[in-house]
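Subject: Handing over a structure

Dear colleague,

I am passing on to you the structure shown just below, and after it you will find an account of what was found. Please keep the structure open while you read.

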Amino acid sequence: MFTKEEYKERVKRTKEQMAIDGIEVLLITNPSNMNYLTGYNAWSFYVHQMVVVLPDEEEPRWIGRKQDANAAKETTWLQHQHILFYNDDYIQSPILHPMDAIARVLDKMGKGNRRIGVEMENYYFTAKSLKQLERGLPNAVFLDATLLINYLRMVKSDKEITMMKKAAMIAGQAMEKAVEAIKPGRRENDAVADIYHAQISGTASFGGDYPAIVPLLPAGKRTSSPHITWSDRAYQKNDTVIVELAGCYQRYHAPLARTVNLGSPTDKVKNLAEVVVEGLNEALHAVKPGLTCEEIEEVWRKSIAKYGFLKDSRIGYSVGLSYPPDWGEHTASIRAGDKTILRPNMTFHMIPGIWFDSYGVEISETFQVTETGCAALTDFPRKLFVK
């Protein structure tokens with residue numbers, strides 16, 4: 001997918017940051033970060049696995065379940081001798097733990113007394129994992145390296161931007177299918193089936209990948225809660241429906257949200273949609289390198305304040321390469337207090353949704369920070385859809 005030279009450059013920058021942070025051994029368990037450094041790509045993140053980065057070795061090492069070792073040989077740029085595994089009797093055992101085997105590997109490599117960085121705030125690294133590593137390597141010092149790779153991933157290469165633009169094309173097609181599929185009398189799950197087909201089919205030139213988050217489609221009063229998925233309920237006339245989805249290509253994501261109204265929208269929904277679109281447009285227009293995330297949020301906040309609205313949650317976050325359960329990079333957020341400085345080829349999902357007790361509106365864009373401003377990755381109409 002990427003050249004070996006690009007992977008080596010990523011590893012080089014990782015080692016430079018390790019030196020700054022005083023880390024002698026880096027253990028990567030976030031599958032997005034594993035992919036970023038090695039290309040590893042398989043649905044094996046439900047078991048313990050990791051990539052090990054050592055300052056004095058050009059290539060990282062992959063360590064995982066034996067039956068997944070061939071996936072590492074198939075998808076990574078690593079030499080086969082750098083692909084290590086533990087046996088299946090360590091899987092979901094009340095007696096053995098994969099980190100016991102991994103600790104022995106690290107000790108045998110002479111790394112048992114080093115300063116070891118681990119991704120502590122991570123869906124894929126458990127409290128038990130750290131406990132077993134500490135027991136197996138009692139002379140090591142463990143440091144929190146949770147976001148070390150995540151921050152390196154924020155500025156995308158030109159090839160990564162190409163991946164995200166392809167994901168955005170899929171997102172636009174999936175949203176078009178969503179608007180078409182949502183209609184009175186049709187079940188929510190049937191509309192979602194059409195969305196999934198569009199997401200995975202992709203385009204005639206390239207196919208789609210499974211997104212890190214399922215389509216989110218709250219309808220009616222449920223639009224007050226943005227993270228409800230779907231049911232087998234049939235849509236009703238005058239329902240408001242929020243659609244949040246993403247196109248995904250080679251694990252790169254371009255999220256997109258729109259709101260659909262089945263019939264004439266209430267004045268509240270119509271007015272709120274107009275406020276959201278205006279604020280979104282103004283915030284996107286303000287984006288340029290050198291500004292901070294909080295400065296972009298301030299533009300949005302002032303825009304909606306003109307109409308008496310206040311939103312107390314973030315309006316966006318860095319996105320890109322990811323695996324379930326989230327497509328965010330867990331780094332910068334577009335919100336008050338975030339002083340992250342925007343740089344060219346950073347990519348964000350700006351989603352300034354506003355939700356009240358009985359209704360809500362979401363209209364979003366994924367954008368790339370350019371040399372002079374920003375570019376939305378899709379050209380899907382930015383409005384409230386009325387059917």
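**The N-terminal part**

Helices here (H or I, at least four residues) and strands (E, at least two) are DSSP runs, numbered from the N terminus. In UniProt, an unreviewed entry gives residues 10-155 the feature "domain: Creatinase N-terminal"; UniProt positions are given in the numbering used here, feature names are shortened, and annotations may be inferred rather than shown by experiment.

Please bear in mind that this is a predicted model, in which local features need pLDDT of at least 70 and side-chain atom pairs count only at pLDDT 80 or more, while totals for chains, interfaces and linings use all residues. Residues are numbered from 1 along each chain as its sequence is written, and side-chain values use heavy atoms, with hydrogens and water left out.

Two packed helices are described by the angle between their axes and the distance between the axes. The axes of α1 and helix α2 (residues 31-38) come within 7 Å and cross at roughly 120°, where axes are lines fitted to C-alpha atoms, for helices over the stretch in contact, and angles run from 0 to 180 degrees between N-to-C directions. That makes α1 oblique to α2, since angles under 35 degrees count as roughly parallel, over 145 as roughly antiparallel, 65 to 115 as roughly perpendicular and the rest as oblique. On the α1 side Y7, R10, V11, R13 and T14 meet N35, Y36, L37 and T38 of α2, contact meaning heavy atoms within 4.5 Å. The residues of this contact divide into four nonpolar, three polar and two charged (Ala, Val, Leu, Ile, Met, Phe, Trp, Tyr, Cys and Pro count as nonpolar, Asp, Glu, Lys and Arg as charged, and the others, Gly among them, as polar).

K12 forms a salt bridge with E16, with the closest N and O atoms 2.8 Å apart; a salt bridge is a side-chain nitrogen of Lys or Arg within 4 Å of a carboxyl oxygen of Asp or Glu. Because K12 and E16 are four residues apart in helix α1 (residues 4-21), about one helical turn separates them. By this rule the count comes to 21 salt bridges.

**The Peptidase M24 part**

An unreviewed UniProt entry has the annotation "domain: Peptidase M24" covering residues 163-371. Over residues 163-371 the chain is 32% helix and 21% strand, and the end C-alpha atoms are 19 Å apart.

The axes of helix α7 (residues 158-181) and helix α8 (residues 188-201) come within 8 Å and cross at roughly 160°, and α7 and α8 are therefore roughly antiparallel to each other. In their contact, I170, Q173, A174, K177, A178 and A181 of α7 meet A191, D194, I195, A198 and Q199 of α8, and these residues divide into seven nonpolar, two polar and two charged.

For helix α9 (residues 267-286) and helix α10 (residues 293-305), the axes come within 8 Å and cross at roughly 150°, which makes α9 roughly antiparallel to α10.

**Two backbone details**

Most residues other than glycine have a negative phi, and most peptide bonds are trans. Q92, in the loop between β4 (83-86) and α4 (98-108), has a positive phi near 50°. The peptide bond from P324 to P325 is cis, with omega near 15°, and P325 is found in the loop between β9 (316-319) and β10 (328-333).
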